[in-house]
Amino acid sequence: MNRPAPVSSRLPEFTWDTLDAAAALAAAHPDGLINLSMGTPVDPVPPVIRQALADASDAPGYPLTAGTPALREAVATWVARSCGAGVDGLGVLPTIGSKELVAWLPTLLGLGPGDVVVVPSICYPTYEDGARIAGATTVRTDSLTALGPDPRVRLVWVNSPGNPTGRVLPANHLRKVVDWARERGAVVASDECYLPLGWSAAAEPVSVLAPEVSGGSYDGLLAVHSLSKRSNLAGYRAGFVAGDPALVAELLKVRKHAGMIVPAPVQAAMIAALGDQEHADAQQERYRARRERLLAAFTGAGFTVEHSEAGLYLWLTRGEDCWATVDWLARRGILVAAGVFYGPGGAQHVRAALTESDEHVAAVAARLAQP
């Protein structure tokens, strides 16, 4: 019997598994491992959020896929405040973190073989993974004019602030992407998980939902957000998507059938997180301090830092193959992500996260000075 090829056959080796050898080398350092390879929060979940989770823990019934009315209101209010969007006509939907939405969006939108998903030339690998799962084709480009009048383009991903580069796209650039996509009936999905983490007043992140980008209409636009970084909720899997109400309604219909539901206690925790700005401001300042120390440490060791004006990473190069840099750092007990994970354009870069403890961040400079 001829069985269909497994979906996993469309996917590359899981990105982080390729770091196993470097991780083992770094862990063998006499002073232990400093892990800058993943943007995994290490600071405590704020008490106000933990209390909300506990208070909602007696939840024997099925939660709403659409989210409770209180959660939908909290999301819309936060988007209006943080993205400059209006709440009128705005569709919102909680998601099980942001990664599952990124990975499944092409499938949920009905894309398949013959359709094209456009992603940045250097980007989060899950954009391409999602296209592969759907059987669609991926095109990497930062210039949509290079695509010409291709009618197969159905979805365009933008990511600002970018992962891994920390690059911030100005409003006029994003507006051109939106206009281009609307002319062709394509959806623009904007990954805005790092939107609250801008480090330079000269490069302030802007949402695709902001009027200067959207033109006052959410038609064809989806903004993807996460509470993993802002509120240390990576373990809660708490995210949401906002934008075109027709697209959000379509996502909701499919997700109801597929059982893609945020647990009720997590929904309550999200309301608390979105309603409390104090903890988010405190966490941002922790990251700002760690960024300053890591930036000084790496530049002092001869690295060049490119972009990195926002987000949770430093985009670094020594002008050599990225795996040589990964190995050089691993021998000093420091693990980073290889730039090639994010596309061929990252072959001479590595990505260092700001999410290690203060103690480990403080130790990086001394490690880099080791012969």
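Trainee: Why is Arg-237 called partly exposed in this predicted model?

Mentor: The relative accessibility of Arg-237 is 29%. Buried means under 20% and exposed means over 50%, with partly exposed in between. Because 29% falls in between, Arg-237 counts as partly exposed.

Trainee: Where does Arg-237 lie?

Mentor: Arg-237 belongs to the loop that runs between β7 (221-226) and β8 (238-243).

Trainee: What is the phi of Arg-237, positive or negative?

Mentor: Phi is positive at Arg-237, about 55 degrees, although this residue is not a glycine.

Trainee: Why is His-307 counted as partly exposed?

Mentor: For His-307 the relative accessibility is 45%. Exposed requires a value over 50%, and buried a value under 20%. His-307 therefore counts as partly exposed, since 45% lies in between.

Trainee: What is the phi of His-307, and in which loop does His-307 lie?

Mentor: His-307 is not a glycine, yet its phi is positive, at about 55 degrees. The loop holding His-307 is the one between β9 (304-306) and β10 (313-317).

Trainee: Which kind of peptide bond, cis or trans, joins Ser-160 and Pro-161?

Mentor: The bond between Ser-160 and Pro-161 is cis, with an omega of about -5 degrees. Pro-161 has its place in the loop between β5 (153-159) and α6 (171-184).

Trainee: What is the omega of the cis peptide bond that joins Asn-163 and Pro-164?

Mentor: Omega is about 20 degrees for the cis bond joining Asn-163 and Pro-164. As for its location, Pro-164 lies in the loop between β5 and α6.

Key:
Residues are numbered from 1 along each chain as its sequence is written. This is a predicted model: local features need pLDDT of at least 70, side-chain atom pairs count only at pLDDT 80 or more; totals for chains, interfaces and linings use all residues. Side-chain values use heavy atoms; hydrogens and water are left out. Helices (H or I, at least four residues) and strands (E, at least two) are DSSP runs, numbered from the N terminus. Buried means under 20% relative accessible area, exposed over 50%, partly exposed in between (1.4 Å probe, protein chains only).
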